[in-house]
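This note concerns the aromatic residues and nonpolar cores of the structure shown here. Please read the points beside the sequence and the coordinates.

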Amino acid sequence: MCTGWMLRNIIRMSEQLKNRRTATLNREDVYWLDAEKYHQDVRAIEEQENSWVGQIVVARNDVDGLYYPAEVKEKIAGSRTYLIRWNSSGDNMKPPCIQDLRHLFGSLTTARELKTGDRVLATYSRGQTYVPGWVAALPTEGLDHVTINFCDGMRSTDIDESSCFWLSQDYYDEVVEYLRRRQTAEQS
């Protein structure tokens, strides 16, 4: 539930968010907040957003659509975007870039217990590149590795479950489509 003030009140409601974007919500998902509670919630959200600064994360590289380790250097004022510096060197050095919070994963990302069929962001055999995929098999007794079928058709049976980040189906579909568009653009 986001905080804000109501623009109209019918069966569905629109709410102006603190970043001036508008979202459509069901009436039963909207609650009245007094001004003090609203400002308290906004401060709590801003504190949480600021806590990403200095964190080591896995972030999307918009050039190729894949995800790599990076450090969050600063939050861009008035937005949910961050300046990140890639953890790469030598020939693989990538310049710092701006990335939206929704494309950052790390210790502040809510952890979920994985189930077969869950969509995840995982590494190729403990590598430094993270790719979307889905959990094909959970660890068996005595093992802590999951089997991941990656969106590019690759499969790995030795992925450490703790290195996976759960993805919603919508986010997974969006990322896979973004990867396909990037690959098509590279081939053109």
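The numbered points below take up the aromatic pairs, the lysine beside them and the nonpolar cores.

1. The model under review is predicted. The comments should be read with that in mind.

2. Aromatic pairs in the structure number 5. Tyr68 and Trp86 are both buried.

3. A further pair is made by Phe105 and Phe165; it counts as tilted because the planes stand at 40°, with the ring centres 5.7 Å apart. Planes under 30 degrees apart would count as stacked and those over 60 as edge-to-face. Since Phe105 lies in strand β8 (residues 104-106) and Phe165 in strand β13 (residues 165-167), the pair ties together parts that are 60 residues apart in sequence.

4. Are Phe105 and Phe165 buried or exposed? Phe105 is buried, at a relative accessible area of 6%, and Phe165 is buried as well, at 15%. The cut-off for buried is under 20%.

5. Phe105 and Phe165 also belong to one aromatic cluster, together with Tyr67, Tyr130 and Tyr171. Leaving aside residues up to four places away in sequence, Phe105 touches Trp52, Val57, Val58, Tyr67, Leu121, Phe165, Trp166, Leu167 and Tyr171.

6. Lys94 deserves a separate comment. Its charged end sits over the ring of Tyr68, 4.1 Å from the ring centre. Lys94 also lies over the face of Trp86, at 6.0 Å from the ring centre.

7. Which residues make up the largest nonpolar core? This core has 12 residues: Val58, Tyr67, Phe105, Leu121, Tyr130, Phe165, Leu167, Tyr171, Tyr172, Val175, Val176 and Leu179. Strand β13 and helix α2 (169-187) each supply at least two residues of this core. The most comes from α2, which gives 5 residues. Apart from this core lies another, of 11 residues, among them Trp52, Tyr82, Trp86 and Leu101.

8. As general background, nonpolar side chains tend to be buried together in soluble globular proteins.

Technical notes. Residues are numbered from 1 along each chain as its sequence is written. This is a predicted model: local features need pLDDT of at least 70, side-chain atom pairs count only at pLDDT 80 or more; totals for chains, interfaces and linings use all residues. Side-chain values use heavy atoms; hydrogens and water are left out. Rings of Phe, Tyr and Trp (its six-membered ring) pair if their centres lie within 6.5 Å; planes under 30 degrees apart count as stacked, over 60 as edge-to-face and the rest as tilted. Buried means under 20% relative accessible area, exposed over 50%, partly exposed in between (1.4 Å probe, protein chains only). Helices (H or I, at least four residues) and strands (E, at least two) are DSSP runs, numbered from the N terminus. A charge sits over a ring if NZ of Lys or CZ of Arg is within 6 Å of the ring centre and within 35 degrees of the ring normal. A nonpolar core is a set of buried Ala, Val, Leu, Ile, Met, Phe, Trp, Tyr and Cys residues joined through side-chain atoms within 4.5 Å. Contact means heavy atoms within 4.5 Å.
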